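Biologist: I would like to learn how to read a protein model step by step. Could you take me through one, giving the general idea before each case?

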Amino acid sequence: MIIKSVNLETVCGITSKLPDNTLPEVAFAGKSNVGKSSLINALMNRKSYARISAQPGKTQTINYYNINEELYYVDLPGYGFAKVTQSVKEKWGHMIENYLQTSKQLKMVFLLIDIRHKPSKNDVMMYDWILHNGYRPVIIATKLDKLKRSQVPKHLKEIRTELQMDKETPIFPFSALSKQGRDEIWDFIESMVLQQEETE
């Protein structure tokens, strides 16, 4: 996918009405410190468009990035950040739930998991929640550069087992440092979202 234009078009807070978009949407969910902004920047071919913070939990809104006037990358609030009050966590949860249930253009949900660790309870809950809302989440295993190559298959198998994934659901290992995995994710979005749109 050649990225010609990127525009942060809509930012939705807790009380905002979701936009009535006509282009397909691809959403990204994940824990606060899983590297979601780094992934989105890599996919947009931009260094720091999506805000990267040393402090996890900074994405507190739903951010819509218009890509090439063809589709939206939708950055959902990070979950599982310990230093946030329970009421704020609940509000973020409601925002994500509302989005999953009401977006008319959502075509695919990527769930980011840190490849180094077993999926947390929050990860498993989010995976099940996305399934419950009628989507089959596609896993992106981030922080690939933190593992030796020989360790990768074992960790990917662990993610599959913990999430009880079916064999057809792909997992894309990804490194924000080397951009390994970016082209595969681009190709997947192109074939599953854009090409499908063209044939409909």
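This is a predicted model: local features need pLDDT of at least 70, side-chain atom pairs count only at pLDDT 80 or more; totals for chains, interfaces and linings use all residues.

Biologist: Which residues of helix 3 are buried, and on which other side are residues exposed?

Modeller: The general idea comes first: an α-helix has 3.6 residues a turn, so residues three or four places apart point the same way. In helix 3, the buried residues are Asp-123, Met-126, Tyr-127 and Ile-130. Because they cover an arc of only 100° around the axis, they lie on the same side of helix 3. Lys-121, Met-125 and His-132, on the other side of helix 3, are exposed.

Biologist: Why is strand 5 described as largely enclosed by the rest of the structure?

Modeller: A residue is called buried when its relative accessible area is under 20%. Eight of the nine residues of strand 5 (residues 106-114) are buried, so this strand is largely enclosed by the rest of the structure.

Biologist: Which strands are joined to strand 5 by bridges?

Modeller: Strand 2 is joined to strand 5 by six bridges, and the two run parallel; within this pairing, Ala-29 has Leu-111 in strand 5 as its bridge partner. Strand 6 (residues 138-142) also runs parallel to strand 5, with five bridges between them, and here Ile-113 has Ala-141 as its bridge partner. Together, strand 5, helix 3 and strand 6 make a right-handed β-α-β unit.

Biologist: Is Ala-27 buried or exposed, and what is it in contact with beyond its neighbours in sequence?

Modeller: Ala-27 is part of strand 2 (residues 25-30), and because its relative accessibility is 0%, it counts as buried. Leaving aside neighbours within four places in sequence, its contacts include Val-74, Tyr-99, Leu-106 and Met-108. Ala-27 and Leu-100 are 73 residues apart in sequence, yet their C-alpha atoms are 9.1 Å apart in space.

Terms used: Residues are numbered from 1 along each chain as its sequence is written. Side-chain values use heavy atoms; hydrogens and water are left out. Helices (H or I, at least four residues) and strands (E, at least two) are DSSP runs, numbered from the N terminus. Buried means under 20% relative accessible area, exposed over 50%, partly exposed in between (1.4 Å probe, protein chains only). Contact means heavy atoms within 4.5 Å. The arc is that of the directions from the helix axis to the C-beta atoms. Two strands pair if DSSP finds at least two bridges between them. A crossover is right-handed if, with the strands pointing away from the viewer, the path from the first strand over the helix to the second runs clockwise.
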